[in-house]
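Here's a quick tour of a few spots worth a look. Have the sequence and the coordinates open as you read.

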Amino acid sequence: MKIVFAALIACSIALSAQAQLTPFELSKDKNYTATYAQVIDYYQKLNKLYPQQMKLINYGTTDVGKPLTLVVLSKDKIFDPAVIKKQNKRVLLINNGIHPGEPEGIDASMMLVRDLLKNNTLPKDVVICLIALYNIDGNLNRGLSRVSQNGPSAYGFRGNYRNLDLNRDFIKADSRNALAFTQILTTWKPEIFLDNHTSDGADYQYVMTLIETQKEKQNPILADYTTETLTPYLYSKMKKSGYEMIPYGAGEEGLPDSGIVSFWKPLALLPVLLPSITSSAILPKRTC
């Protein structure tokens with residue numbers, strides 16, 4: 001009987017570990033990105049395993065009629081934004097899949113959430129909020145649309161249900177996606193906003209490039225902090241991790257020999273009412 005009981009426990013542990021693998025990790029060729037249904041299903045299963053420090057909150061509906069799901073991680077098991085602010089905690093908001101053809105952030109965030117919960121390494125003074133998949137509409141329109149991009153084998157379309165580019169819709173808010181996003185933004189008031197993108201076929205020699213808010217667009221105190229403290233820290237930590245990061249740049253006329261220019265982020269890209277820092281982490285094309 002003891003042997004049978006031990007075998008059942010071992011089997012249960014194995015099944016639990018298997019259940020925590022993302023669709024990308026379970027794919028045979030590692031050239032796969034999760035569908036919307038798989039993303040939500042994964043987070044729901046993860047939430048059942050870690051109900052004390054993880055919460056799923058739906059905001060509004062997107063243009064395709066699906067709710068925008070926010071994943072909230074809180075080490076102290078507190079999920080009230082007002083209470084969190086009174087405790088002087090910081091809020092980090094991560095946005096995934098604004099362009100579903102640039103899906104790495106979707107899969108990476110699923111693994112990040114899993115690892116933070118599984119390893120009990122949630123930060124004490126930071127509440128992490130992740131939009132599981134922002135452009136649900138485009139993700140549902142799955143196929144191939146980027147001829148220069150090396151993978152995945154299938155992925156979503158850039159435009160949403162009404163063929164709007166959500167990365168140009170934060171201020172005018174023509175989409176219901178943007179209205180739901182604004183609700184999240186004004187409710188949680190994040191100090192830092194991170195938006196994941198992937199280059200469309202550009203062959204960068206570095207795993208990660210970074211677009212940060214130009215200091216001219218920030219309060220002088222905040223500009224000094226990001227320039228002298230935050231940004232150097234990010235580059236240093238990435239280099240120590242073995243995945244050195246560089247600033248995102250592009251050729252002035254499309255080719256490197258025309259001159260390299262930094263990315264001047266137009267106001268159309270900035271989320272309305274963002275209180276402090278806007279950064280975009282951009283990963284290079286997926287290599288298979």
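## A histidine, a helix and an asparagine

His 99 sits in the loop that runs between β3 (90-95) and α5 (104-118); helices (H or I, at least four residues) and strands (E, at least two) are DSSP runs, numbered from the N terminus. This is a predicted model, where local features need pLDDT of at least 70, side-chain atom pairs count only at pLDDT 80 or more, and totals for chains, interfaces and linings use all residues. Residues are numbered from 1 along each chain as its sequence is written, and side-chain values use heavy atoms, with hydrogens and water left out.

His 99 counts as buried because its relative accessibility is 2%; buried means under 20% relative accessible area, exposed over 50%, partly exposed in between (1.4 Å probe, protein chains only).

Here is who touches whom, with contact meaning heavy atoms within 4.5 Å:

| Residue | Contacts, not counting residues up to four places away in sequence |
|---|---|
| His 99 | Arg 146, Arg 158, Asp 165, Asn 167 and His 197 |
| Asn 47 | Met 54, Lys 55 and Leu 56 |

Asn 47 belongs to helix α3 (residues 36-49). Its C-alpha atom is 9.8 Å from that of Leu 117, 70 residues apart along the chain.

Now for α8. Its N-terminal end is capped by Asn 219, with a side-chain oxygen 2.8 Å from the backbone nitrogen of Ile 221. Buried residues of α8 include Leu 222, Ala 223 and Thr 226. Just after α8, Gly 242 has a positive phi of about 95°.

Definitions and conventions: A polar contact is a pair of N or O atoms within 3.5 Å; within protein, one must be able to donate a hydrogen and the other to accept it, and residues adjacent in sequence count only if both atoms are side-chain atoms.
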